[in-house]
Amino acid sequence: MESKILYSQTLLHQAILLLLQKKSIEKITVQELCKTAGVNRTTFYNHYERPEDILREIVQQFLSSFSENYVTLDPESAINFVTHLLELMETNRYLSQQLLHALPGTYLSECTLALPIVQAQLHAFTSSSAESSAITSFAVAGSVSLITEWILKDSHCSAREEAELILKLCRQLYI
């Protein structure tokens, strides 16, 4: 039974990505999505409330699988982590742009903060004070904003240069 559920979810993931090539998420209907995926509406509503939920799931799965490659985040692996993430986004620029347009920045910040590897790194830099919590929220939101601007505006700096800028600015917050 679980494999059937995964198969249906995979079909819906593929369908939404296909439809995003033609139109924005706001214009994708559940009926159109189900027709493209070859599943019925009941199957859709068993797993999701609206098409945006599929995008959220795709982002969560991507970030989770991506972060599994990084067990600890020392200064060198931090730059590699951010660079690799940006390179993947750049390689899949159109999809990245669609996801950034379709999902609010706060959602992406929440996903990023939820990654165990990011949690471990932040714990190393911060105390449990309210001020540290505010600095962390600011750093993550600012990083997501810089990444969004970089991918949406087809920046001419490399993924590595953008990663270095983000980490430099974040380090400044924790001094």
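Among contacts in the protein between residues at least 6 apart in sequence, what percentage join residues at least 24 apart? It's 64%, where contact means heavy atoms within 4.5 Å.

1. Before you read on: this is a predicted model, where local features need pLDDT of at least 70, side-chain atom pairs count only at pLDDT 80 or more, and totals for chains, interfaces and linings use all residues. Residues are numbered from 1 along each chain as its sequence is written, and side-chain values use heavy atoms, with hydrogens and water left out.

2. On confidence, pLDDT is the predictor's own score for each residue, from 0 to 100. The protein averages 81, and 81% of the residues score at least 70.

3. Of the 175 residues, 42% count as buried, meaning under 20% relative accessible area with a 1.4 Å probe, protein chains only.

4. Now look at α1 (residues 2-20) and α2: their axes come within 8 Å and cross at roughly 115 degrees. The two are therefore roughly perpendicular to each other, a label for angles of 65 to 115 degrees.

5. Who touches whom? Leu11, Leu12, Ala15, Ile16, Leu18 and Leu19 in α1 meet Glu32, Leu33, Thr36 and Ala37 in α2. By class, that contact has eight nonpolar, one polar and one charged residues.

Note on methods:
Axes fitted to C-alpha atoms, helices over the stretch in contact; angles between N-to-C directions. Helix = DSSP H or I, 4+ residues; strand = E, 2+ residues; numbered from the N terminus. Parallel < 35°, antiparallel > 145°, perpendicular 65-115°, else oblique. Nonpolar A, V, L, I, M, F, W, Y, C, P; charged D, E, K, R; others polar. Buried < 20%, exposed > 50% of the residue type's maximum accessible area, 1.4 Å probe, protein only.
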